[in-house]
Amino acid sequence: MLNRQSSGARTTLLIAIFGLVPLVASAQKVEIFGGYQFTHLQPAFNANGWNVSLTGNFKHVLGITADFSGAYKEHVNSYTYAVGPVLTARLPVVQPFIHALFGGITATNGQSHSGFAMMVGGGLDVGLRKGIGFRIVQADWMSTRFAGDTRNRNARVSTGIVIKF
């Protein structure tokens with residue numbers, strides 16, 4: 001069972017995320033990413049999963065990203081949900097980017113535990129055709145906090161398809 005503090009934090013985050021949906025809808029360009037991810041959470045959680053994100057670009061280089069992911073290992077699951085700014089260099093073929101995402105993490109192993117998550121990182125997208133690209137890599141350093149216990153030796157690496165509208 002979740003405690004009231006983590007449940008309240010999750011509710012606040014979900015309200016913030018759904019408040020961003022109209023902003024993303026009014027963006028000049030929208031990008032959707034989906035693909036594979038590998039997650040390492042200390043001390044010894046190494047798992048495979050999925051990563052999806054929705055980015056609304058308001059200026060040529062500035063946007064807001066809503067990012068969601070899940071990682072699975074035997075009877076333990078980890079889910080992240082975060083939002084934050086992204087800066088992208090709009091070059092002809094490749095588009096490197098950096099972002100800082102803030103939100104939450106939920107780990108389940110028979111019980112559910114929620115906490116704070118922060119991901120700082122970036123990646124490299126390559127254009128394949130008009131409106132479709134491939135995210136060669138997205139690498140994020142991740143900081144998590146569960147019940148006052150902060151862990152900073154976490155990482156996430158993703159790859160997949162990017163669709164641009």
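Buried means under 20% relative accessible area, exposed over 50%, and partly exposed lies in between. I keep that cut-off at hand for the tyrosines below. The model I am reading is predicted.

**Fold.** I counted the elements first. The protein has one helix and eight strands. I then read their order along the sequence and noted α-β-β-β-β-β-β-β-β.

**Confidence.** I looked up pLDDT next. The average for the protein is 88, and 84% of the residues score at least 70. Among the elements, helix H1 (residues 4–25) has the lowest mean, 57. Strand E7 (residues 132–146) has the highest, 97. Over residues 1–5 the pLDDT is below 50. In the model, that stretch has six contacts beyond near neighbours in sequence.

I checked how much of the chain is covered. Of the 165 residues, 40% count as buried. The protein exposes about 9000 Å², and carbon and sulfur atoms supply 68% of that area. I took contacts with a separation of 6 or more and found that 51% of them join residues 24 or more positions apart.

**Rings.** I searched the whole structure for aromatic pairs and found one. Tyr72 and Tyr79 form it, edge-to-face, with 5.7 Å centre to centre and 75° between the planes.

Notes
Residues are numbered from 1 along each chain as its sequence is written. This is a predicted model: local features need pLDDT of at least 70, side-chain atom pairs count only at pLDDT 80 or more; totals for chains, interfaces and linings use all residues. Side-chain values use heavy atoms; hydrogens and water are left out. Helices (H or I, at least four residues) and strands (E, at least two) are DSSP runs, numbered from the N terminus. Buried means under 20% relative accessible area, exposed over 50%, partly exposed in between (1.4 Å probe, protein chains only). Contact means heavy atoms within 4.5 Å. Accessible areas come from the Shrake-Rupley method with a 1.4 Å probe; for residues, only the protein chains shown count as cover. pLDDT is the predictor's confidence in each residue, from 0 to 100. Rings of Phe, Tyr and Trp (its six-membered ring) pair if their centres lie within 6.5 Å; planes under 30 degrees apart count as stacked, over 60 as edge-to-face and the rest as tilted.
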